[in-house]
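Welcome! Please take a moment to look over the sequence and the structure, and then we will walk through one of the chains together.

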Amino acid sequence: MPGQLKIHVDPDKCQGHARCKALAPELFQLDEYGNAHEDGDGVVPAGLEDKAYLARANCPEFAIEVTET
Amino acid sequence: MSDTESLPQHPPVTDWIHDFDHTDPRWTENPFPIWDELRAASPVVHTDRFLGCYLPTTYEAVREIAHDTEHFSSRRVIVRDERPELQKQNAAPPITSDPPDHKPAKQLLLPPFTPDAMTKLEPRVRAICNELIDGFIADGGCDAAARYTKHIPVRTIAHMLGIPEADSDLFIGWIHAILELGIKNVAVLIQAMQEMSTYFAGHIEARRNNPTDDLISYLMNARDKNGQPLDDTHVIGSLRLILVAGIDTTWSAIGASLWHLARTPADRKRLIAEPGLMPTAVEELLRAYSPVTMAREVMQETVVSGCPVKPGNMVLLSFPAANRDPAVFPDADKVVLDRKENRHAAFGLGIHRCIGSNLARMEMTVALEEWLKRIPQFRLDPAGQVTWSQGTVRGPRQLPLLF
């Protein structure tokens, strides 16, 4: 299916700013230290594409990748 | 007027590019045009003051240094006139730690500061804000720095640590000594550090047989990577860090936000009309009025954004200047409450990202929400004077408002 998005948080870059969790709570989870990872397999449900890009655009560590699958 | 006037005075700056001084009254009052001038000159500038110090002026240069823990050490995180000898009892892990000690020290402190933990704390902060507002709302005006913004973080942190909120004035005195007076007077700095250590040692002692449900007991029960309890020096250092880092900073951010809203009625009205905008607005206010400038010490010669950097110098790591870089933030000098793309560095970049960032955001949000709910109309008192703190943390210390 063209246009389906997948997100991934690079754990080596993430420093736990948690901006992604605030902007797109459906797409990200935080661990006990507050560091982020993508929810589930990272596939972005339809309708949440803008939030995925918004989270990427606000990550101060450039830790979020958004790819088309 | 202020006690900083009795400190050794620095000669006035006549050449910002080659002789900058972040304690100069003009920098304290309005640093933004100075940063623009420096940024236009070079991504990294230098001064012989403070025994030699660099200032990265662009977002990219600040980011490079923040990420480079090989050439830049955090063992000194404040630029001062002197460099007192490093002593273990004065360290404040993890902010003064470098790899490999940094990560385990930081991981110990992170769990109590996650967004979920902050949600649990939020009702207490809302109550503090309303208690404070009750005290002055009938007066038609107040110094919001002295009556409101100053008390919110200190009482919140006291609540988290499990120490009396009534001791707030004591904490504020120490913080002023460490962050402002201590830049030019080492004796004042050392005395404040010793008093804080003695204060916390007493609270640790009291908990040995009577553990409590607070951050002090949490740290006393924490185990290091080898499964051993932390020694008291580490616990006291971390407690000092939480107190110093968590109070002036958020006090400044809340104050600068109220200052902005007092003089920008359009933004104030918009925030009241669109409360859903608050999270984005808080990030933008953090960007535009970032309170905290950190420091690093150059350990090895290197190059930053094409500029040579030599050991023996400090670095004034100005996250606030990075956040005004027009190459990264269009209309950088304009507050855009709904700014969509905002990778601001107010809480630092890299491994030293502020541990209390989720706490600060929550406190700012709650403090602005409660203020706007109860005092939707306010403006600067034209008969009063706004003053700003000097040095490492910038925010209003007098904020006379009418409402």
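This is a predicted model: local features need pLDDT of at least 70, side-chain atom pairs count only at pLDDT 80 or more; totals for chains, interfaces and linings use all residues.

**A walk through chain B**

Residues are numbered from 1 along each chain as its sequence is written, and chains are lettered from A and ligands numbered from 1 in the order in which they are written.

Back to the strands. β9(B) and β12(B), the latter covering residues 400-402, run antiparallel and are joined by 2 bridges. They belong to an open sheet of 3 strands in chain B, ordered β4-β12-β9 with antiparallel pairing (strands pair if DSSP finds at least two bridges between them). At its edges lie β4 (141-143) and β9 (379-380), each pairing on one side only.

Now step back to the whole chain. Chain B has 16 helices and 12 strands; these are DSSP runs numbered from the N terminus, with helices (H or I) of at least four residues and strands (E) of at least two. Its C-alpha atoms fill a box of roughly 60 × 55 × 45 Å along the principal axes. Of the 403 residues of chain B, 48% count as buried, that is, with 20 or more other C-beta atoms, placed from the backbone, within 10 Å of their own.

Next come two helix pairs. Helix α9 (residues 168-179) and helix α10 (residues 186-208) of chain B have axes that come within 8 Å and cross at roughly 145 degrees. Here, axes are lines fitted to C-alpha atoms over the stretch in contact, and angles run from 0 to 180 degrees between N-to-C directions. The contact uses B:W174, B:A177 and B:I178 from α9(B), and from α10(B) B:V188, B:L189, B:A192, B:M193, B:E195 and B:M196; residues are in contact if their C-beta atoms, placed from the backbone, lie within 7 Å.

In the second pair, the axes of helix α6 (residues 115-134) and helix α16 (residues 357-374) of chain B come within 9 Å and cross at roughly 35 degrees. Their contact divides into 10 nonpolar, 2 polar and 5 charged residues.

Finally, 20 residues of chain B are in contact with 16 residues of chain A. On the chain B side, these are 9 nonpolar, 7 polar and 4 charged.

Key:
Two residues are in contact if their C-beta atoms, placed from the backbone, lie within 7 Å. Ala, Val, Leu, Ile, Met, Phe, Trp, Tyr, Cys and Pro count as nonpolar, Asp, Glu, Lys and Arg as charged, and the others, Gly among them, as polar. A residue is buried if 20 or more other C-beta atoms lie within 10 Å of its own, exposed if 12 or fewer, and partly exposed in between; C-beta atoms are placed from the backbone.
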